[in-house]
Amino acid sequence: MISIRRFFITAIVALVLVFYGVFLYYFLNDQQKKTDLILENIRHDLSETAYVVSTEMATPQDLREFKSFLHRKVANNPLVAAMAIASGSKILITTEHDIRSAPPKKNTQDKLKGLSAHEMLRYDIYETDIPYFIQNQPAYLKLYLYIDKAYLENYFAENTTNSLLFFGVVPLLLLGLLWGLLKRFVTNPLELLRQYAYYQSEIPKRFKLRELEYIRASMVQTFTRLDEEKSELYRLARTDNLSGLANRNHLNERLNWLISEFSRSGQEFALLFMDLDNFKTVNDTLGHEVGDKLLRNVSSLIKQVLRDYDIIARVGGDEFVIVVNHHGNEHELINIIQRVIEKISDVHLVDNHPVKVSASVGVVLYPKDGQSITTLMKNADIAMYEAKNAGKNQFKFFTESLHQQLVHEIELENNMQRALDNGEFELYYQPKISVTTGQVTGAEALIRWIDPNKGVITPDRFIPSAEKSGLMVPLGDWVLETAVRQQIDWKKRGLGDFQVSVNLSPVQLINNHFEEKLNRLIQESGITPSKLDVEMTESQFMENSEQNLSLLHAIQQKGISISLDDFGTGYSSLAYLKKFPINTLKIDKTFMDDYDTESGAIFIETIIKIAQTLNLNVVAEGIEHPEQLDYLVKTGCETYQGFFCSRPLPAAEFEKFLTMEKSCCQ
């Protein structure tokens with residue numbers, strides 16, 4: 001591929017070669033024409049002189065009369081230096097006294113046509129014959145014409161010089177000027193455009209040629225737009241679109257730089273992992289648009305509290321990371337954190353909706369709590385969840401005990417997965433007893449973990465971890481399937497066709513495939529839906545309330561009953577007793593323990609009356625003494641469960657319980 005510069009050089013060289021080829025042809029042709037004219041002039045002078053002498057001379061002795069004639073001829077023609085007439089070798093008459101004898105034949109030229117300039121300049125003397133008659137006999141004299149060789153050489157040299165000047169030097173100067181113009185206005189601008197296109201460094205100045213200026217302007221416009229788009233993409237890659245804060249990529253860049261700098265200087269910085277409390281409720285109740293505006297408000301408030309050189313990033317839906325560097329001491333850091341939490345805790349007016357949220361913050365210090373981004377973020381997340389578990393709207397510093405707790409939870413999760421794979425989980429069943437007849441009316445399935453090394457592990461020790469880790473869904477599916485198949489087995493064996501209750505986790509309810517799996521289980525097992533009861537706590541009804549409401553209605557429509565567990569310990573709102581599809585209220589053990597006080601009795605009896613009014617069943621939990629059972633008989637409570645009749649039993653022991661005398665339960 002040839003460059004523009006080389007192309008122009010090649011074109012100019014080719015043009016020069018063609019031009020000088022034409023010039024050489026013209027020059028040689030012109031030289032020949034001039035030579036022919038000079039020869040013609042010499043021939044004319046020789047012919048005319050010979051004619052005059054021949055016609056006017058009577059005898060050779062008369063030649064002296066022509067001396068003046070010859071002088072005039074020489075004087076009138078600058079080409080002629082001298083003329084002489086000779087007879088043989090004897091000079092008869094001459095215009096130059098130095099000519100004393102006729103020149104040798106080899107030094108003369110009588111050919112006056114077809115000579116080149118070079119050939120013409122080889123001879124100094126041209127000759128011709130002068131015919132005359134002696135006694136009627138023809139005779140000849142020789143007429144010699146001596147040319148002015150210096151004049152001719154000077155003439156041809158001057159002609160050559162002029163030709164070279166006008167047809168050689170001037171065109172070269174013009175070509176040089178053309179090359180300079182091409183270089184300045186074409187090749188140099190093109191080279192600048194090439195460099196600009198390749199390096200995108202300095203923008204070329206405006207060009208003189210319109211077409212090149214159009215190209216330059218177009219390139220500048222294109223590269224400017226590309227630079228703007230590149231800058232925008234770079235900004236978008238490092239900025240959260242919603243809040244305008246730094247995103248995780250930008251945060252990692254800044255943290256890498258901080259860690260590199262502070263590791264050398266030995267300084268400390270604090271990383272705060274902040275999560276908004278109850279933000280999901282705002283999204284679910286007021287909509288995502290209000291939630292987005294709330295996040296923007298929170299972002300703006302955080303920027304107002306912090307200093308310009310602190311780092312603020314949004315790394316998740318309602319999760320923020322704040323890096324506080326150059327804080328004087330722990331007291332100053334705590335003051336900054338408290339101001340952030342207080343600002344966020346203020347009531348936010350979003351689209352005329354007063355919104356109240358708070359923030360839970362986990363705090364780690366570099367390098368004490370971690371020397372890498374991953375470790376710092378992980379430990380800050382642990383501390384943040386500790387703040388949430390402690391009641392929200394507060395901050396917690398990361399400690400080694402929290403780390404050990406995390407290690408324990410991870411170990412617990414791994415062991416649970418192993419237990420699920422190895423079949424170490426087992427269902428225990430606690431009977432539900434009729435208050436009036438003492439007969440078994442149902443059983444609640446309660447999961448136990450039979451660890452080969454630790455023995456029986458109760459649900460309160462592993463269920464929270466299962467819900468966090470995602471194991472609750474497969475574990476809950478196993479509980480539901482095992483309980484259903486156990487009910488079918490007892491029915492087939494004639495041990496009883498009573499209702500089995502299974503506790504549902506909120507994690508199971510939000511699983512998109514729960515209803516599908518429940519339908520498949522009912523169809524495959526053949527259980528009568530009314531023989532299955534699902535128990536939920538008050539808090540579960542409130543979480544994802546709209547989604548839960550739709551799912552619970554679908555469950556109840558299948559014929560499955562729904563029990564509200566631990567009634568009275570949570571929200572205890574009469575509104576959701578009407579809103580949600582509930583069949584049974586379960587009175588918590590804490591209230592039954594207080595049955596013999598006036599306030600406790602009033603509370604229990606109120607719950608029973610509410611249930612009777614709403615046509616709901618009532619089950620009293622935690623019955624451990626006969627006096628409690630006597631009290632239930634008086635209140636009209638239908639069913640109870642508790643250690644008074646039986647503790648939760650493995651399936652085999654529960655079957656023995658079903659066949660034994662149950663008078664102890666009355």
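**Entry 1: a hairpin**

I began with isoleucine 85, whose bridge partner in strand E2 is isoleucine 93. Helices (H or I, at least four residues) and strands (E, at least two) are DSSP runs here, numbered from the N terminus. Strand E1 covers residues 80-87 and strand E2 covers residues 90-94; they pair in the antiparallel sense over 4 bridges. I count two strands as paired if DSSP finds at least two bridges between them. E1 and E2 form a hairpin with 2 residues between them. Glycine 88, in the turn, has a positive phi of about 70°.

I note the basis of these entries: the model is predicted, local features need pLDDT of at least 70, side-chain atom pairs count only at pLDDT 80 or more, and totals for chains, interfaces and linings use all residues. Residues are numbered from 1 along each chain as its sequence is written, and side-chain values use heavy atoms, with hydrogens and water left out.

**Entry 2: domains**

I looked up how the protein is divided, and found domain 1 (4-156), domain 2 (248-398) and domain 3 (421-659). These bounds come from an automatic or database domain assignment. The centres of domain 1 and domain 3, taken over C-alpha atoms, are separated by 143 Å.

I also took one residue pair. Phenylalanine 580 and leucine 121 stand 459 residues apart in sequence, and their C-alpha atoms are 132 Å apart in space. Phenylalanine 580 sits in the loop between helix H18 (574-579) and strand E19 (584-587). Is phenylalanine 580 buried or exposed? Its relative accessible area is 4%, so I list phenylalanine 580 as buried. The terms are: buried under 20% relative accessible area, exposed over 50%, partly exposed in between (1.4 Å probe, protein chains only).

**Entry 3: an open sheet**

I traced an open sheet of 5 strands, in the order E7-E8-E6-E11-E12, with mixed pairing. Which strands stand at the edges? They are E7 (311-314) and E12 (395-397); each has a single partner strand, so one side of each has no neighbour in the sheet. From one strand to the next the twist averages 20°.

E11 (residues 358-366) pairs with E12 in the parallel sense, over 3 bridges. One residue I checked there is valine 363, whose bridge partner in E12 is phenylalanine 397. Helix H9 (residues 330-345) packs on the sheet and touches E6 (269-277), E8 (319-325), E11 and E12. By contact I mean heavy atoms within 4.5 Å. The direction of H9 makes about 160° with that of E11; axes are lines fitted to C-alpha atoms, for helices over the stretch in contact, and angles run from 0 to 180 degrees between N-to-C directions.

**Entry 4: backbone notes**

I found a cis peptide bond joining tyrosine 366 and proline 367, with omega at about 5°. Proline 367 is in the loop between E11 and helix H10 (373-389).

Asparagine 352 has a positive phi, near 65°, though it is a residue other than glycine. Its place is the loop between strand E9 (348-350) and strand E10 (353-355). With a relative accessible area of 69%, asparagine 352 is exposed.

Lysine 392 is not a glycine, and its phi is positive at about 70°. I located lysine 392 in the loop between H10 and E12. Its relative accessible area is 33%, and lysine 392 is partly exposed.

**Entry 5: asparagine 247**

I placed asparagine 247 in the loop between helix H5 (210-238) and helix H6 (248-265). Asparagine 247 is buried, at a relative accessible area of 13%. Its side chain reaches the backbone nitrogen of histidine 250 at 3.0 Å. Beyond four places in sequence, asparagine 247 contacts several residues, including Leu236, Asp240, Ala313 and Arg314.

**Entry 6: serine 434 and the cysteines**

Serine 434 belongs to strand E13 (residues 425-434). Its relative accessibility is 10%, and serine 434 counts as buried. The side chains of serine 434 and threonine 437 are joined by a polar contact of 3.1 Å. Such a contact is a pair of N or O atoms within 3.5 Å; within protein, one must be able to donate a hydrogen and the other to accept it, and residues adjacent in sequence count only if both atoms are side-chain atoms. Leaving aside neighbours within four places in sequence, serine 434 is in contact with Gln439, Thr441, Glu638 and Tyr640.

How many disulfides does a search of the whole structure find? I got 0 disulfides, the term meaning a pair of cysteine sulfur atoms within 2.5 Å. I checked cysteine 637: the closest cysteine sulfur, in cysteine 645, is 14 Å from its own, too far for a bond. Cysteine 637 counts as buried, at 3% relative accessibility.
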